[in-house]
Amino acid sequence: MDESALLDELRRGNNDAYKQLFITYYSPLCEFASQYISDDDAEELVQELMLYIWETRESIIIESSLKSYLFTATKHRCLNFIKKNQYHEQVHSSIYEKLKDQFEDPDYYLINDLTEQIEKAINDLPENYKETFTLSRFGEQTNVQIAAMQGVSVKTVEYRITQSLKILRIKLKDYLLFAAFLF
């Protein structure tokens, strides 16, 4: 079947015409595309082109030969694929540059783990201890201010902070060297 007849049959939805198109052009198009991109990507790209042709078969307009159309479409798809990959590489490179210090610093991961463990340990404190400790260490309140806010004595505030520290030291004993700066 010549190209013109094949194209007419394809437009009518003839499955045999589509099979012939696929058998005739799939391998050469894959070979052509693999000059620009990897073999696996080339196969996927050509499969997508063939699917596109089937899905748009009724409205497809080909000004030159079917063969020229297919190879030109494959080339443009390859160039778009390369352009898209270059963009993704630039984005990844940019993100890497921003985060590389974290990737190269093994303590970064320990610090994140430490932060999670500290938050968990503080949240596990009895409620009145947690509130007092948080106001003292993170709220930058004095013991007198905390006592006034909570309606308790300064000695009670000191006791709660001392007990909180004892509990936290036990729970965070594996991280004590890193956590020392907090206490």
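The legends below describe close-up views of a predicted model.

**View 1. Helices α1 and α2 cross at roughly 130°.** Helix α1 covers residues 3-11 and helix α2 covers residues 15-33. Two packed helices are described by the angle between their axes and the distance between the axes. Here the axes come within 8 Å. An angle over 145 degrees would count as roughly antiparallel and one of 65 to 115 as roughly perpendicular; α1 and α2 are therefore oblique to each other.

**View 2. Residues in the contact of α1 with α2.** Helix α1 contributes Glu-3, Leu-6, Glu-9 and Leu-10. From helix α2 come Ala-17, Tyr-18, Gln-20, Leu-21 and Tyr-25. Sorted by class, six residues of this contact are nonpolar, one is polar and two are charged.

**View 3. A salt bridge between Lys-130 and Glu-127 within helix α6.** The structure holds six salt bridges, and the pair shown here has an N to O distance of 3.6 Å. Both residues belong to helix α6, which spans residues 127-137. They lie three residues apart, about one turn of the helix. Lys-130 has a relative accessible area of 18%, under the 20% limit, and so counts as buried. Glu-127, at 54%, is over the 50% limit and is therefore exposed.

**View 4. A salt bridge between Lys-155 and Glu-158 within helix α8.** The side chains meet at 3.9 Å, N to O. Helix α8 runs over residues 154-171 and holds both partners. Lys-155 is exposed, its relative accessible area being 63%. Glu-158 is partly exposed, with a relative accessible area of 31%.

**View 5. Lys-120, Asp-124 and Lys-171 form one salt-bridge network.** These residues are joined by salt bridges that share partners. In the bridge between Lys-120 and Asp-124, the closest N and O atoms are 3.1 Å apart. Asp-124 has a relative accessibility of 42%.

Definitions and conventions
Residues are numbered from 1 along each chain as its sequence is written. This is a predicted model: local features need pLDDT of at least 70, side-chain atom pairs count only at pLDDT 80 or more; totals for chains, interfaces and linings use all residues. Side-chain values use heavy atoms; hydrogens and water are left out. Axes are lines fitted to C-alpha atoms, for helices over the stretch in contact, and angles run from 0 to 180 degrees between N-to-C directions. Helices (H or I, at least four residues) and strands (E, at least two) are DSSP runs, numbered from the N terminus. Angles under 35 degrees count as roughly parallel, over 145 as roughly antiparallel, 65 to 115 as roughly perpendicular and the rest as oblique. Contact means heavy atoms within 4.5 Å. Ala, Val, Leu, Ile, Met, Phe, Trp, Tyr, Cys and Pro count as nonpolar, Asp, Glu, Lys and Arg as charged, and the others, Gly among them, as polar. A salt bridge is a side-chain nitrogen of Lys or Arg within 4 Å of a carboxyl oxygen of Asp or Glu. Buried means under 20% relative accessible area, exposed over 50%, partly exposed in between (1.4 Å probe, protein chains only).
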